[in-house]
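Let us walk through this structure one contact at a time. Keep the 3D view open as you read.

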Amino acid sequence: MKAVVKTALVLATALTLGACSSWIYRIDIPQGNFLEQKDIDKLRVQMTKEQVRFVLGNPVAENAFDDDIWHYFYALKGGRGDNFEKQMVINFKDDKLVDITGDFTKPANFNTPLDKVQ
């Protein structure tokens, strides 16, 4: 009988502690470059690498073999399990911006160079 009571007590304690685990605070863990659409909207074709770096910051990864491709990546691992990821790939040719791809909308006036903006 004592063994049954001890087993029930251990089981009740384990269930109680398991229910309390949702009370534990878990921090959000951000990694990479946080970009917003308003930042992407500033990009224009034929911008220099220096201008793109000024607008978006340093890329998370630059291709070691091809300096004309920059990768921007942002990931947020939420403490409650809600994860979020966004990425952007910037392509240059002759040190000028030629294309962007990724999880952001390409600006409507992306194909208008800065020196042609009125």
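What follows covers a hairpin and the salt bridges.

This is a predicted model. Strand β4 spans residues 83-93, and strand β5 spans residues 96-102. The two pair in the antiparallel sense, over 6 bridges. Lys93 stands opposite Lys96 in β5. The hairpin leaves 2 residues between the strands. Asp94 sits in that turn, with a positive phi of about 55°.

Now turn to the charged side chains. The whole structure holds 5 salt bridges. One of them joins Asp95 and Lys49, at 3.1 Å from N to O. This pair links distant parts of the chain. Asp95 lies in the loop between β4 and β5, while Lys49 belongs to helix α3, 46 residues apart. Salt bridges with shared partners join Lys49, Asp67, Asp68 and Asp95 into one network.

Look next at Asp67. Its side chain meets that of Lys49 in a salt bridge of 2.9 Å, N to O. Here too, distant parts of the chain are linked. Asp67 is in the loop between β2 and β3, 18 residues from Lys49.

Is Lys49 buried or exposed? Lys49 counts as buried because its relative accessibility is 11%, and the cut-off for buried is under 20%. Its partners read otherwise. Asp67 is partly exposed, at 41% relative accessible area. Asp95 is also partly exposed, at 44%.

A further salt bridge pairs Lys38 with Glu36, at 3.8 Å from N to O. Lys38 is exposed, with a relative accessible area of 54%. Glu36 is partly exposed, at 33%.

Notes
Residues are numbered from 1 along each chain as its sequence is written. This is a predicted model: local features need pLDDT of at least 70, side-chain atom pairs count only at pLDDT 80 or more; totals for chains, interfaces and linings use all residues. Side-chain values use heavy atoms; hydrogens and water are left out. Two strands pair if DSSP finds at least two bridges between them. Helices (H or I, at least four residues) and strands (E, at least two) are DSSP runs, numbered from the N terminus. A salt bridge is a side-chain nitrogen of Lys or Arg within 4 Å of a carboxyl oxygen of Asp or Glu. Buried means under 20% relative accessible area, exposed over 50%, partly exposed in between (1.4 Å probe, protein chains only).
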